[in-house]
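Q: I would like to learn how to read a structural model with some care, one feature at a time. Could we go through it together?

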Amino acid sequence: MSVLRSVGNEAKELWGGGEGRFLVVIASGWGILLGTRMIYPVLLPYLRSSFDLSLTVAGLLVTVLWLGSALGQLPGGVLADRYSERLVMVVGAVVVALALVLVVVAPTSFLLFAATGVVGLGLSLYPIARITILSEIYPDRIGSALGVTMATGDLGQTVLPPVAGLLAATVAWQAGLGFIVPLLLLIGVVLWAVLPPATPSESPMDSLSTGSLGHVVGKLRRSNMAFVAFILFLYILIWQSFTGFYPTYLVEEKGLSSSTAGLLFSVFFAFGVVVKPVAGAAYDRIGMRSSLVLVLVGPVAGFVLLPFVDGFWPLAVITALVSTMLGSGAITQSFLSDSIPADIRGTGLGMVRTTAATLGAAGPVLFGSIADRGYFDEGYVLLGAVTVAVILLTLRLPKSAPSSS
């Protein structure tokens, strides 16, 4: 009862004062965008067939998507600092919608890759603006607010990929992406109508000049962000490798149908709807180190056991074990938001996340190359070993974020 009462109190605080409508709109946009990104792994078998892609090349397609999602985060953070989070998020949603149209009509693999890269760039504009505006709305409950937002992201990843898979199986793979376009355009309109208007900040980050970037790097160095960025890089490498190929692995190695594999993939994100708010609240109460270790223990066991498990229900249990890693984002991003000085928060977050995510984007193509050589199972055991390394590094972190003043 005390846990339920605590959750209820958090919900009241997040909703109170009129801020709840901002949270709902921001979280809804995030849910649609993340759901869009996770449609790709579900459609990967269809794309491999339509464009005659090997596992390595299919992994490269996912890498292009994630690389695009990484590269725009730094300029997105600068724009959020200088102009308006509302504008940046609306532009991101519209760019993704237009790029998806290009993906759907792509006649060649080259155009498929190019349009997918633009999808990634559009996706990259939303994350930093989302964090900075939530940190302003909820300065004392950023962990809970991000947890709720990221849980909504998992709701989108739970609902949209199975719908896409069903449309791909019954109509065509193009329908599995095309139905997202009107949803993105709608959320762009709602974001513009509901969020506060543009308010240029007094941040020193007016441009991406050498001097301004040096100013940010100096402040990040004093906050010891390089170590945190390295941990974030390893986590992103694990995350992108797993999610990029899990449906394909279930079909090709475990003998499941595409629809059943898509269902298990959605179950993975369904657990995140619960895990992320709990992880965010745990960060607010017990700090970065303890909460991050707790959510990473399950994936170690899941990755190591996965090659030895067959059948829907045993695989569902493994999926649930691995799903606790979904709480990592709410914890690490809250820590970064608390640690980076307010005057460079958007740019600093963009720099850390762009660096970590750009390097981590190599995960799918490397994992696909391992799978192409007949080591699909061993690849997941390797992910378990890397997760152990992340846990050991996490134990060296402080219990709470340093002052960002």
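Q: Which element gives the most to the lining of the largest cavity?
A: That element is H13, which gives five residues to the lining of the largest cavity. Please keep in mind throughout that this is a predicted model.

Q: How should I think about such a cavity, and how many cavities of 30 Å³ or more does a search find?
A: The general idea is that rolling a probe the size of a water molecule over the atoms shows where empty space is left. In this case, a search of the whole structure finds three cavities of 30 Å³ or more, and about 360 Å³ of space lies in the largest cavity.

Q: Which residues lie nearest the centre of the largest cavity?
A: The lining of the largest cavity comprises 24 residues, and those nearest its centre are Arg37, Trp66, Trp239, Gln333 and Arg353. Two or more lining residues come from each of helices H2 (20-37), H4 (55-71), H8 (126-137), H9 (142-170), H13 (225-252), H17 (328-339) and H18 (345-360).

Q: Trp239 makes me wonder about aromatic rings; which residues form one aromatic cluster?
A: Trp239 belongs to an aromatic cluster that it forms with Phe242, Phe245, Tyr246, Tyr249, Phe265, Phe268, Phe269, Phe303, Phe367, Phe376 and Tyr380. Aromatic pairs come to 19 in the count. In one of them, the ring centres of Phe265 and Phe269 are 5.0 Å apart and the planes stand at 85 degrees, which is over 60 and therefore makes the pair edge-to-face.

Q: Where do Phe265 and Phe269 lie, and is Phe265 buried or exposed?
A: Both are in helix H14 (residues 258-286), four residues apart, which is about one turn of the helix. Phe265 has a relative accessible area of 0% and is therefore buried, and Phe269, at 0% relative accessibility, counts as buried too.

Q: What does a residue that is partly exposed look like in numbers?
A: Take Leu382, in helix H20 (residues 376-394), which counts as partly exposed because its relative accessibility is 45%, between the limits of 20% and 50%. The C-alpha atom of Leu382 is separated by 8.2 Å from that of Phe303, although the two residues are 79 apart along the chain.

Q: Which charged residue lies over the face of Trp192?
A: Arg86 does, at 3.7 Å from the ring centre, and Arg130 lies over the face of Trp30 at 3.9 Å from the ring centre.

Q: Where is confidence lowest in the protein?
A: The mean pLDDT of the protein is 84, with 86% of its residues at 70 or more. Confidence is lowest in helix H1 (residues 2-15), at a mean of 54, and highest in helix H7 (residues 109-124), at 96. The pLDDT is below 50 over residues 199-208, a stretch that has 24 contacts in the model beyond near neighbours in sequence.

Technical notes: Residues are numbered from 1 along each chain as its sequence is written. This is a predicted model: local features need pLDDT of at least 70, side-chain atom pairs count only at pLDDT 80 or more; totals for chains, interfaces and linings use all residues. Side-chain values use heavy atoms; hydrogens and water are left out. pLDDT is the predictor's confidence in each residue, from 0 to 100. Contact means heavy atoms within 4.5 Å. Buried means under 20% relative accessible area, exposed over 50%, partly exposed in between (1.4 Å probe, protein chains only). Rings of Phe, Tyr and Trp (its six-membered ring) pair if their centres lie within 6.5 Å; planes under 30 degrees apart count as stacked, over 60 as edge-to-face and the rest as tilted. A charge sits over a ring if NZ of Lys or CZ of Arg is within 6 Å of the ring centre and within 35 degrees of the ring normal. On a 1 Å grid over the protein atoms alone, a cavity is a set of points where a 1.4 Å probe fits but cannot get out, and a pocket is an open set with protein on both sides within 12 Å along at least five of seven lines; lining residues have an atom within 4 Å of a point. Grid points are joined across faces, edges and corners, and a volume is the space filled by probe spheres set on the points.
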